[in-house]
Amino acid sequence: MAIKNAFYAQSGGVTAVINASACGVIQTARKHPESIGTVYAGRNGIIGALREELIDTSEESDETIAGLMYTPGGAFGSCRYKLKNFSENKREYERLIEVFQAHDIGYFFYNGGGDSQDTAFKVSQMADRMGYPITCIGVPKTVDNDLPFTDCCPGFGSVAKYIATSTLEASLDIKSMSESSTKVFILEVMGRHAGWIAASGGLAGQGEGDPPHIILFPEIPFDRDAFLKRVEHCVENYGYCVVVASEGAQYEDGRFLADAGSKDAFGHTQLGGVAPALANMTKQALGYKYHWAVADYLQRAARHIASATDVEQAYAVGKAAVEMAIAGKQALMPTIVREQSRPYRWHIGEAHLSDVANQEKKMPIHYITDDGFGITQDCRDYLEPLIHGESFPPFENGLPKVARIRGFLAEKKLKTAFDI
């Protein structure tokens, strides 16, 4: 089989461990020079392919690539750009083929969530439809933990560890001040349609009365009266109330509590502000002094407190993607298959991109307590192994050390530019 170059790119919101997957892809490709030549990384995801802005990773040292294991963010730049259907924008696909042909690219690895797996699937379809031979493998990533057919998603375990830790630490602060000051604390976390991240805050509590006292899930319709009644009960009985609220919390009619009134590049409702909305609601109804915080990018960038399990799995799916491609497999995504929870054992499986693309895995209802405000033991059993283990980055001058990609671009070979 002729040696072909590879294209790798990162897409969607980045995580604390997405670069560990990049490390897995690049290091594994370097071990197979008989099959893969140069690995080009798209600058800013699929946009880099369309613009012919290809980072030549062969210009990066082994030390730098190894350093991706402990570097958060997207080392090569990510994007929120969704390829249209072939019939809607044939020119995009023709451009991709032009770029791939010009740089002798025969492997396509796309690292992202459900929308990104859709992109990888569309590229695989393009290969068949337009007669260009390219092997396409999706590499899973999403802090939302909502990809189907995989036990968990790389990126989630570290966010879960951060949120559980932050909930625990902030709760001690609130408890210590509750007698004469703050009574209610609300932490807003990510999770548009699935409450996995919010659920992870529940790991901070071990028994009755322990915070968080309320978790708001997208899967459970928000009931204002029930929420306020629960807040009042907690303050009266425990002296304070800690709430972990998913950004995707919504009313029974589907309206988000925090609908910002705009859409993102994928057509999703732009969210933000559920914490202050709940805080004001509580103040007006009950008069309690409050504080709120939005975890926002901090939760997905916190590599300093990453889960060792998550780091290991992120690398493993990158490595598996290359091995699948070399084996001649097409239009697949490596998955994590749980063998058992105690002790936690897992292995790599696979799923078809056609089944994964644009699908969302929500929390099972039996993971949520009957009152809709907490997690069950089944949920705890699922979550706990995913936050286990520490994988601290090296520190330098008191700060985490990170790898810095030089980002040398391959020489452009096409005469025409492409407007996004």
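Which residue in β8 is the bridge partner of isoleucine 214? In this predicted model, in which residues are numbered from 1 along each chain as its sequence is written, local features need pLDDT of at least 70, side-chain atom pairs count only at pLDDT 80 or more, and totals for chains, interfaces and linings use all residues. Side-chain values use heavy atoms, with hydrogens and water left out.

The bridge partner of isoleucine 214 in β8 is valine 243, and β7 pairs with β8 (residues 241–246) in the parallel sense over three bridges. Strands are DSSP runs of E with at least two residues, helices are runs of H or I with at least four, both numbered from the N terminus, and two strands pair if DSSP finds at least two bridges between them. Four strands, in the order β7-β8-β6-β11, form an open sheet with parallel pairing, in which the edge strands β7 (214–216) and β11 (290–294) each pair on one side only. From one strand to the next, the twist averages 15 degrees.

Across β6 (184–189) and β8 lies helix α6 (residues 156–177), which runs at about 165 degrees to β6; axes are lines fitted to C-alpha atoms, for helices over the stretch in contact, and angles run from 0 to 180 degrees between N-to-C directions. Contact means heavy atoms within 4.5 Å.

Helix α1 (residues 18–30) packs with helix α11 (residues 308–326) at an angle of about 40 degrees, their axes being 7 Å apart. Among the residues that meet are Cys23 and Val25 in α1, and Val311 and Tyr315 in α11.
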